[in-house]
Amino acid sequence: MSAGRPPARIWVHSVARAGPWRTRRTLRSLKRAGLHAGVASSDGFDWTARPEDPGPWLLVRAGTWFVHREPSWPAPSATGKGLCAFGAVRVPFGTAPPDVPDAQAWSTCLARSGGDLSDAVSDAILASPAALYLDGPAVATLAATGASSLGEALAGARSRLRVVHCAALDAMDDPGLRVLEVITALQRGGAERVALDLMAELPAQGVRCRLATLGTATRQAFDAPAGTLRLDLRNAADAAAEFGADLIHAHLLSRDEMRSAGSGGVP
């Protein structure tokens, strides 16, 4: 951890636009990091209604999940200004870059700014950040603007804040459903064929898939698709979290194996 304080309040925002299953993806990522969102907001923030919350705050957009298992908190700005530290949006495995437009916007922003976002961050990023850490002075500065929305508050106070990129807060995003197909092995058989057929067909329905095997074939095996994970039950839950899985689809697993694979909360 760096010298910054962990967040006193965590908000998950844009819940209405994301839908419940994408919101649950984000809540699982926060829980995995040892964080619990105390309040979920549909979209905006009423800064003037919460003077009792001095900060720091963490704002996370519904549907995203952290690149790093445990984000760390940036130190206060040496300028004395309130600190706004943004996590950039990254493209996850199985998703085409055009499907995550924020990732391209962030790539352009970082190439132009070098990480100091004071004059480079776009209004779209301000309005709906994937991950944003606000220290106490930043929360106070934003509350003093009297703005009712996050984008308005940040735009109105940007010159009085230190606005930076913090790689430890980077997050991935995907508008689609993400499924981890888990099977014991890829030896030739009916369940294995079903798993491979799903891997071939589901992407055409907008579902991002990744295959994981938990063992080695004991007879002739099918060829593994590109990107297939070879896991054991000790790291299956971590693999699902890192993939941003919304669902684990299991084939030939025992009840105890299924319970272990889903121990991170993924259905």
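**View 1. Buried residues of helix α2 and what they pack against.** Arg22, Thr23, Arg25, Thr26, Arg28, Ser29 and Leu30 are the buried residues of α2 (buried is under 20% relative accessible area, exposed over 50%, partly exposed in between, with a 1.4 Å probe and protein chains only). They pack against β1 (9-13), α1 (15-18), β3 (57-61), β4 (65-66) and β10 (177-183), where contact means heavy atoms within 4.5 Å. This is a predicted model, so local features need pLDDT of at least 70 and side-chain atom pairs count only at pLDDT 80 or more, while totals for chains, interfaces and linings use all residues. Residues are numbered from 1 along each chain as its sequence is written, and side-chain values use heavy atoms, with hydrogens and water left out.

**View 2. The length of α2 and the residue after it.** Helices are DSSP runs of H or I with at least four residues, strands runs of E with at least two, numbered from the N terminus. Just past the helix, Gly34 has a positive phi of about 80°.

**View 3. Arg32 and Asp238.** These two form a salt bridge, with the closest N and O atoms 3.4 Å apart (a side-chain nitrogen of Lys or Arg within 4 Å of a carboxyl oxygen of Asp or Glu). The pair ties helix α2 to helix α8 (residues 236-243), 206 residues apart.

**View 4. Arg178 and Asp174.** Here the closest N and O atoms of the salt bridge sit 2.6 Å apart, and both residues are buried.

Definitions and conventions
The expected span of a helix is 1.5 Å times one less than its number of residues.
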